[in-house]
Amino acid sequence: MKKIIAVILSTIMLVMMLPISAFAASGSMSGPSSARAGETISVTFKVSGGNFSGYSGTLSYDSSVLTLVSASSNLGGSWAFSRNGNNIVAYDTTGNSSVSGSLFTVKFKVNSGVATGSAMKVGFNGTVSDGTDYAVSGNYSGTVAAPLSNDATLSNLVVGNATLSPAFNPNTTNYSCGTVTFDVAKLSVSATANASGAKVSVNGSNLSVGKNTVRIVVTAPSGAQKTYTITVTRQQDPNYKPSNNTNLSGITLSAGTLSPEYAVDVKEYVVYVPFETGKITIDGAAADPKAKGVVGVTDAELQEGDNKFEIKCTAEDDSEGVYVVHVVRMPEFKAGMPIITSIAAEETTVPDTETKQDEELKNQTVEGISPILVVVLAVICLFLGFAISFVIFKKKLSKTTEEKIEDYASDPNDLL
């Protein structure tokens, strides 16, 4: 009897547990409450109430409102996941993993042209398994929101310290404030967007001396933009003295090399180019950023020989500085023409075989004449002098007494 009662109680308990297991698993889907036509939404399916090692099911949605873009698993790498059309199947490949929570995410694009307020509905019906299959389902619902405004106009534009011309109109984008005095360093601009959520930015309101352009950019909620401009000229400081700097910061050439190397205080240069260079462009940059400009030469024709060019720099005060560049175009080379080589190239060096004594002997030469030769010539001259004197003396000794008397009579000093 006791065994019978125990079996009955066990059966009752098993029957009571079956409904609990069948309804323990529950599914849900979540996504954004609204989206605009053309946007993409993500919808996630979740399961709670147990751990499962596989699931499968079918998606449902209104294809006139939504277009399925993709589906991806939210589980680990051991899970195999596949989608075929609207059917989804996933399972753990190791057989050791069981999960619950977020199972997968699907992405839909809201179709263009869908009316504002249309319902976006997605459903999933399927089963999850832990060895036993349990039915699960989930549903998502959202609303198609109104498209963002493309209105990028201003509802108001005011300049506090100048007069705007013409009068403001949302459809007029170009304005002028004429000329303002030097003490107006910044244009006071106030601009209001027409569309709620639109953004307004003001650029260039800080004024430089001379012409200025102030830009007011309006960005609509949709991203569309519209630009309004205000031109204004700020007068020069009445105490300002314009610069007279006519210097260049450098000279640029399309061919050749400047000689000497550029220096601010050097006003004349030369450039040598081969005969094959038939044109040249010479330009320069003003050293003073306030200078009014530099005028050079562009593709100037070159004649053989000297070609003189002027590079002019006009200072802020209209004074003008001139740099002169001589471009020398070499003559055309023809076969048989003499080639000028440098002296350095023609210099000879002392052969390695030359002795030290030979070098010392060369160093002893004076103006190309050897000292030994000078000594030899001196000895020869001295010898000739003695010889001539001896001949004369001998001749005098050979005179007769009678001749000596006659010579003495004619010249008493010539006794011999």
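# Side-chain contacts and surface in a predicted model

Visitor: Is I388 buried or exposed?

Guide: I388 is found in helix α4, which covers residues 371–397. Its relative accessible area is 53%. The cut-off for exposed is over 50%, so I388 is exposed.

Visitor: How many salt bridges does the count come to?

Guide: A salt bridge needs a side-chain nitrogen of Lys or Arg within 4 Å of a carboxyl oxygen of Asp or Glu. Among the pairs is R36 with E39, whose side chains meet at 4.0 Å, N to O. By this rule the count comes to four.

Visitor: Are R36 and E39 buried, exposed or partly exposed?

Guide: Buried means under 20% relative accessible area and exposed means over 50%, with partly exposed in between. R36 has 27% relative accessibility, and E39 has 31%. Both values fall in between, so R36 and E39 are partly exposed.

Visitor: How many residues apart are E301 and K279?

Guide: The side chains of E301 and K279 meet in a salt bridge, at 3.7 Å from N to O. This pair links distant parts of the chain. E301 is in strand β21 (residues 297–301) and K279 is in strand β19 (residues 279–286), and the two are 22 residues apart.

Visitor: How far from the side chain of D288 does the backbone nitrogen of K290 lie?

Guide: D288 has its place in the loop between β19 and β20 (293–295). Its side chain meets that of K290 in a salt bridge of 3.5 Å, N to O. The backbone of K290 is involved as well: its nitrogen lies from a polar atom of the D288 side chain at 3.0 Å.

Visitor: Is D288 buried or exposed?

Guide: K290, the salt-bridge partner of D288, is partly exposed at 42%. D288 has a relative accessible area of 8%. The cut-off for buried is under 20%, so D288 is buried.

Visitor: Which backbone oxygen lies 2.8 Å from a polar atom of the side chain of N212?

Guide: N212 is found in strand β15, residues 210–219. With a relative accessible area of 8%, N212 is buried. The backbone oxygen at 2.8 Å from its side chain belongs to G210.

Visitor: What kind of aromatic pair do Y262 and Y269 form?

Guide: The count of aromatic pairs comes to 11. In the pair of Y262 and Y269, the centres are 5.9 Å apart and the angle between the planes is 25°. Planes under 30 degrees apart count as stacked, so the pair is stacked.

Visitor: Which residues do ring pairs link into a cluster?

Guide: A pair of aromatic rings is described by the distance of the centres and the angle of the planes. Ring pairs link a cluster made up of F45, Y55, W79, F104 and F124.

Visitor: Which residue lies over the face of F275?

Guide: Elsewhere, the charged end of R234 sits over the ring of F182, 4.4 Å from its centre. For F275, the distance from the ring centre is 4.2 Å, and the residue over its face is R329.

Definitions and conventions
Residues numbered from 1 in each chain as written. Predicted model: local features only at pLDDT ≥ 70, side-chain atom pairs only at ≥ 80, totals over all residues. Heavy atoms only, no water. Helix = DSSP H or I, 4+ residues; strand = E, 2+ residues; numbered from the N terminus. Buried < 20%, exposed > 50% of the residue type's maximum accessible area, 1.4 Å probe, protein only. Phe/Tyr/Trp six-rings, centres within 6.5 Å; stacked < 30°, edge-to-face > 60°. Lys NZ or Arg CZ within 6 Å of the ring centre and 35° of its normal. Polar contact = N/O pair within 3.5 Å; in protein donor to acceptor, adjacent residues only side chain to side chain.
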